[in-house]
Amino acid sequence: MEKKTKKTQKDKSNEWYRKECVKVAKKIVHIRDNDICQKCGKPGNALHCSHVYPEGTYHGMSANPLNMKLLCYYCHFFWWHKNPLEAKDWFVKTFPDRYKKLKKLSQQTLQHNYKKMLIELKEQLKEL
Ligand SMILES: [Zn+2]
């Protein structure tokens with residue numbers, strides 16, 4: 001049997017750091033979006049951080065707070081994912097500058113040092 005070694009800071013993969021970045025980014029999004037659904041304005045604890053450009057296809061944008069918005073359960077599953085064209089249209093109209101930035105990012109191949117990004121995101125969170 002292989003001996004289990006404890007993972008030290010330096011063994012952690014970029015992917016591990018990416019996931020940590022996503023966690024911090026979500027905290028930033030909750031504060032930035034005032035803990036209310038950006039579509040219907042509903043507050044509450046069933047709010048989701050929903051990605052604009054999907055995490056699976058746009059991996060490099062998955063930890064960017066600009067690429068996330070708070071939506072309530074209903075708006076997330078029964079509106080955002082059910083009516084993607086209408087939803088996109090809404091996003092473009094509601095957040096035009098953000099959309100421009102995101103569109104540009106979506107056309108690039110992004111390779112991040114997530115360890116570095118984690119430090120930056122934590123700084124950003126502190127300033128909120
Ligand atoms: Zn909603």
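Because the model is predicted, local features need pLDDT of at least 70 and side-chain atom pairs count only at pLDDT 80 or more, while totals for chains, interfaces and linings use all residues. Residues are numbered from 1 along each chain as its sequence is written.

The protein chain has five helices and two strands, taken as DSSP runs numbered from the N terminus (helices are H or I, at least four residues; strands are E, at least two). Along the sequence they follow the pattern α-β-β-α-α-α-α. Along the principal axes, the C-alpha atoms fill a box of roughly 50 × 35 × 35 Å. Of the 128 residues, 24% count as buried; a residue is buried if 20 or more other C-beta atoms, placed from the backbone, lie within 10 Å of its own, exposed if 12 or fewer, and partly exposed in between. Among contacts between residues at least 6 apart in sequence, 74% join residues at least 24 apart, a contact being two C-beta atoms, placed from the backbone, within 7 Å.

Strand β1 (residues 47-51) pairs with β2 in the antiparallel sense over five bridges, where pairing requires that DSSP finds at least two bridges. One of the bridges joins S50 to K69 in β2. Strand β2 covers residues 68-72, and five of its five residues are buried. In a regular strand the side chains alternate between the two faces of the sheet. In β2, M68, L70 and C72 point one way, and K69 and L71 the other way.

Two packed helices are described by the angle between their axes and the distance between the axes. For helix α1 (residues 14-32) and helix α5 (residues 114-126), the axes come within 8 Å and cross at roughly 15 degrees; axes are lines fitted to C-alpha atoms over the stretch in contact, with angles from 0 to 180 degrees between N-to-C directions. The two helices are therefore roughly parallel, the term for angles under 35 degrees. Residues in the contact include Y17, C21 and V24 from α1 and M117, L118 and L121 from α5. The residues of this contact divide into 10 nonpolar, two polar and five charged.

L125 lies in helix α5. Leaving aside neighbours within four places in sequence, L125 is in contact with V24, K27 and I28. L125 counts as partly exposed because it has 14 C-beta neighbours inside 10 Å.

Technical notes: Angles under 35 degrees count as roughly parallel, over 145 as roughly antiparallel, 65 to 115 as roughly perpendicular and the rest as oblique. Ala, Val, Leu, Ile, Met, Phe, Trp, Tyr, Cys and Pro count as nonpolar, Asp, Glu, Lys and Arg as charged, and the others, Gly among them, as polar.
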